[in-house]
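Subject: Structure handover

Hello,

Here is the structure I said I would pass on. My notes on what turned up in it follow below.

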Amino acid sequence: MNRIYSLSPSSIIPFSFIGQFGRKIRIIQAGCWLLLAFPLWLATEAITPQIVQAYTARVDLAIDRLPEETYETVLRRAEMVARAAAQRSFDQDILVTEVSIIVTAQNQGMIAPVLALDVSRIQWRQRPDPQRWATYFKTARSLLFFDQPTTDDAAQPKQ
């Protein structure tokens with residue numbers, strides 16, 4: 001005769017320690033997998049070096065207008081400051097592949113971006129000229145009120 005069991009054969013055995021023993025075996029197996037995974041991970045990290053991650057250095061600079069200074073001289077000073085900042089960024093960190101510099105100028109309390117310099121290390125090595133790689137903001141002259149006479153000029157009597 002055939003018997004049909006509604007319960008699994010392991011649940012028929014009345015010994016409760018067998019079920020506890022099965023749980024311990026699962027815990028031991030999980031521990032073994034973890035103990036094997038760590039040396040494997042350590043070996044792969046030692047054999048294969050990490051990927052070099054290059055990045056862009058971002059620099060924001062501000063300059064003030066000097067007395068009796070024209071907009072063109074402010075632009076030349078902004079270019080010199082941007083050039084020095086780009087060179088410094090490439091010299092300080094070998095992982096920097098690109099530099100993004102924004103130079104803002106201040107005149108009579110008004111602040112506006114004058115130029116943005118975006119250049120890669122390869123481009124800068126070939127030609128370290130900020131005029132070549134800079135983007136000039138055309139509206140900066142009017143935003144900084146360079147077209148209007150200063151308050152000192154308006155207060156002086158004309159001869």
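The largest nonpolar core in this predicted model has 27 residues. Those with the most contacts inside this core are Ile-101, Val-103, Val-114, Leu-115, Leu-117 and Trp-124. H3 supplies the largest share, eight residues. As general background, nonpolar side chains in soluble globular proteins tend to be buried together.

Val-119 belongs to strand S3 and counts as buried, at 3% relative accessibility. Leaving aside residues up to four places away in sequence, Val-119 touches Phe-90, Thr-97, Glu-98, Val-99, Trp-124 and Trp-133. Of these, Val-99 is 20 residues from Val-119 in sequence and 5.6 Å from Val-119 in space, C-alpha to C-alpha. Ser-100 is in strand S2. Because its relative accessible area is 14%, under the 20% limit, Ser-100 is buried as well. With the sequence neighbours up to four places away again left out, the contacts of Ser-100 are Thr-56, Ala-57, Arg-58, Val-59, Leu-117 and Asp-118.

Not counting residues up to four places away in sequence, Trp-124 touches Arg-83, Ala-86, Gln-87, Phe-90, Leu-117, Val-119, Asp-129, Pro-130 and Trp-133. One of these partners, Trp-133, also has a charge above its ring: the charged end of Arg-132 sits over the ring of Trp-133, 4.9 Å from the ring centre.

On the overall layout, the protein has seven helices and four strands. From the N terminus on, the order of elements is α-α-β-α-β-β-α-α-β-α-α. S1, H3 and S2 form a right-handed β-α-β unit. Within that unit, S1 and S2 pair in the parallel sense, over 10 bridges, and Asp-64 stands opposite Gln-106 in S2. Of the 159 residues in the protein, 23% are buried. Among contacts between residues at least 6 apart in sequence, 57% join residues at least 24 apart.

How many aromatic pairs does the structure hold? There are two aromatic pairs. In one, the ring centres of Phe-38 and Trp-41 are 5.9 Å apart and the planes lie at 35 degrees, so this pair is tilted. Phe-38 and Trp-41 both lie in helix H2 (residues 17-47), three residues apart, about one turn of the helix. Trp-41 is partly exposed, with a relative accessible area of 48%.

In the other pair, the ring centres of Tyr-71 and Phe-146 are 5.3 Å apart and the planes lie at 65 degrees, so this pair is edge-to-face. Tyr-71 lies in helix H3, while Phe-146 is in the loop between helix H6 (140-143) and helix H7 (151-155), so the pair ties together parts that are 75 residues apart in sequence. Are these two residues buried or exposed? Tyr-71 is buried, with a relative accessible area of 7%, and Phe-146 counts as buried at 14% relative accessibility.

Regards

Technical notes: Residues numbered from 1 in each chain as written. Predicted model: local features only at pLDDT ≥ 70, side-chain atom pairs only at ≥ 80, totals over all residues. Heavy atoms only, no water. Core = buried A, V, L, I, M, F, W, Y, C linked by side-chain atoms within 4.5 Å. Buried < 20%, exposed > 50% of the residue type's maximum accessible area, 1.4 Å probe, protein only. Helix = DSSP H or I, 4+ residues; strand = E, 2+ residues; numbered from the N terminus. Contact = heavy atoms within 4.5 Å. Pairing = 2+ DSSP bridges. Right-handed = clockwise from strand over helix to strand, strands pointing away. Phe/Tyr/Trp six-rings, centres within 6.5 Å; stacked < 30°, edge-to-face > 60°. Lys NZ or Arg CZ within 6 Å of the ring centre and 35° of its normal.
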